[in-house]
Amino acid sequence: MSFSFRTRKIDMRRIGNFSDPKLADQFNDYLQTLKIPAKVDHDENSHDIWIRDEKDVATAREAMDEFKQSPNAAKFDVSAEAARLRKEEEAEKKRKLALQNKAQKKLRSGSGAFSGRSARTGNIPVVIGMIVLCGLIFVTAEPLRDMSIRDLNMLVNASPQQRSEILTTEQKLFMALTFADTIDYAITGDPWVSIKKGQIWRLITPAFLHGSQWHLVFNMMALFTLGSVVERLHGSWFIAGLLVVSGVIGMVVQVVLPDWLESPMAIGASGAVFGVFGFIWIRPRFQPTYPVGIPPFNVYMMLGFMFACMMPFVQNYMQMQIANGAHVGGLVTGIAIAALAPKSI
């Protein structure tokens, strides 16, 4: 996943010309007061009027026809007002450029409590910490899926004391971090069984569990690529909050809609990762000066992957249940945070 600074391609439309350069400039001033971005292309014999946005072309042509009929009308005497608007526009451009330069500098070198440390690691302690923790848990926690059906049935029918003797430390750790205790869920069929017992940490901890090496590697690569950008721009507290909220809401969506989105016993950081992706993807729409943007190809790839995972034949091919609810919930959460978060962060 790569990032680029957003640029806008401008295709201007020529709507007409004047033989008198003063009239061309006067009409351009009038367009300025109408909030229609335009420019005059002065040539030796012709002075063309160009409009930036296609949506303004029809209005500009009507105004040009009216102007040519009576250029001395009072409504077209707007040179002072146009000059004032241009001055304000130039000041706003400088302000946005300063903000963008500040954000780019922050992205490159880090800021706040971690400024001056390595830009690759020191400025992203939350992202690095989560990657390390996920890796450690992956090598120390063992899922029960590796047990035989006979052993699983025996666990369901065993007493708590017997289960404690049968299960390894690695299996106990895994069960303690899933959304619901595996045995309790098998007995009750209630995905909320552990939460109802007050084990609130299970809303967060499934994000640290992964079902395979590829599952772990893919999620951690995406987390590093996306999360490091957000942490450098907005700080460690913000990325931590974004990851937690996206992960929790994604997990809740997975549990609430299990019939459509497969098992409520989902694991993995993909809900949180999709939350960060949604934030970076949508943020520039609400903050035009935002210094990074995701290229369209990468957006299509991420969204295509999410929708492809919902297809039964994809899940059959991958031979695993995919946390589609966590993906959707995390993505929507990241988009909502991008829209609602103040521009000052």
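This note goes through the predicted model point by point, from the whole chain down to single residues.

1. **Ground rules.** This is a predicted model, in which local features need pLDDT of at least 70 and side-chain atom pairs count only at pLDDT 80 or more, while totals for chains, interfaces and linings use all residues. Residues are numbered from 1 along each chain as its sequence is written, and side-chain values use heavy atoms, with hydrogens and water left out.

2. **Overall make-up.** The protein has 16 helices and three strands. Helices (H or I, at least four residues) and strands (E, at least two) are DSSP runs, numbered from the N terminus. Of the 345 residues, 44% count as buried. Buried means under 20% relative accessible area, exposed means over 50%, and partly exposed lies in between (1.4 Å probe, protein chains only).

3. **Contacts along the chain.** Contact means heavy atoms within 4.5 Å. Take the contacts between residues at least 6 apart in sequence: 72% of them join residues at least 24 apart.

4. **The largest core.** A nonpolar core is a set of buried Ala, Val, Leu, Ile, Met, Phe, Trp, Tyr and Cys residues joined through side-chain atoms within 4.5 Å. The largest one here has 45 residues. Phe277, Phe279 and Ile280 have the most contacts inside it. At least two residues each come from helix H4 (125-140), helix H7 (169-177), helix H10 (213-234), H11, H13, helix H14 (296-308) and helix H16 (324-340). H13 gives the most, with nine residues. In soluble globular proteins, nonpolar side chains tend to be buried together.

5. **The cavity.** How many cavities of 30 Å³ or more are there? The count comes to one. A cavity is a set of points, on a 1 Å grid over the protein atoms alone, where a 1.4 Å probe fits but cannot get out; lining residues have an atom within 4 Å of a point. The volume of the largest cavity is about 100 Å³. Grid points are joined across faces, edges and corners, and a volume is the space filled by probe spheres set on the points.

6. **Its lining.** The largest cavity is lined by 16 residues, and the closest to its centre are Ala207, Gly247, Met251, Gly268 and Ala326. Helix H11 (236-256) and helix H13 (270-286) are the elements that give two or more residues to the lining. H11 gives the most, with four. The lining divides into 12 nonpolar, four polar and no charged residues. Here Ala, Val, Leu, Ile, Met, Phe, Trp, Tyr, Cys and Pro count as nonpolar, Asp, Glu, Lys and Arg as charged, and the others, Gly among them, as polar.

7. **Ser228.** This serine sits in helix H10. Is Ser228 buried or exposed? Ser228 is buried, because its relative accessible area is 4%. A polar atom of its side chain lies 3.5 Å from the backbone oxygen of Thr225. Not counting residues up to four places away in sequence, Ser228 touches Ile124, Val127 and Leu223.

8. **Ser46.** Ser46 is found in the loop between S2 and strand S3 (47-51). Its relative accessible area is 19%, so Ser46 is buried. The Ser46 side chain makes polar contacts with the side chains of Asn17 (2.9 Å) and Asp48 (3.0 Å). A polar contact is a pair of N or O atoms within 3.5 Å; within protein, one must be able to donate a hydrogen and the other to accept it, and residues adjacent in sequence count only if both atoms are side-chain atoms. Leaving aside neighbours within four places in sequence, Ser46 is in contact with Asn17, Phe18 and Asp41.

9. **Lys35 and Ala38.** Lys35 lies in the loop between helix H1 (21-33) and strand S2 (38-42). Phi of Lys35 is near 65°, a positive value in a residue other than glycine. Lys35 counts as exposed because its relative accessibility is 60%. Ala38 is in strand S2 and is partly exposed, at 24%. Ala38 touches Asn28, Leu31, Trp50 and Ile51, not counting residues up to four places away in sequence.

10. **Met154.** Met154 lies in helix H5 (residues 149-157). At 40% relative accessibility, Met154 counts as partly exposed. Met154 and Ile166 are 12 residues apart along the chain, and their C-alpha atoms are separated by 9.6 Å.

Methods: On a 1 Å grid over the protein atoms alone, a cavity is a set of points where a 1.4 Å probe fits but cannot get out, and a pocket is an open set with protein on both sides within 12 Å along at least five of seven lines; lining residues have an atom within 4 Å of a point.
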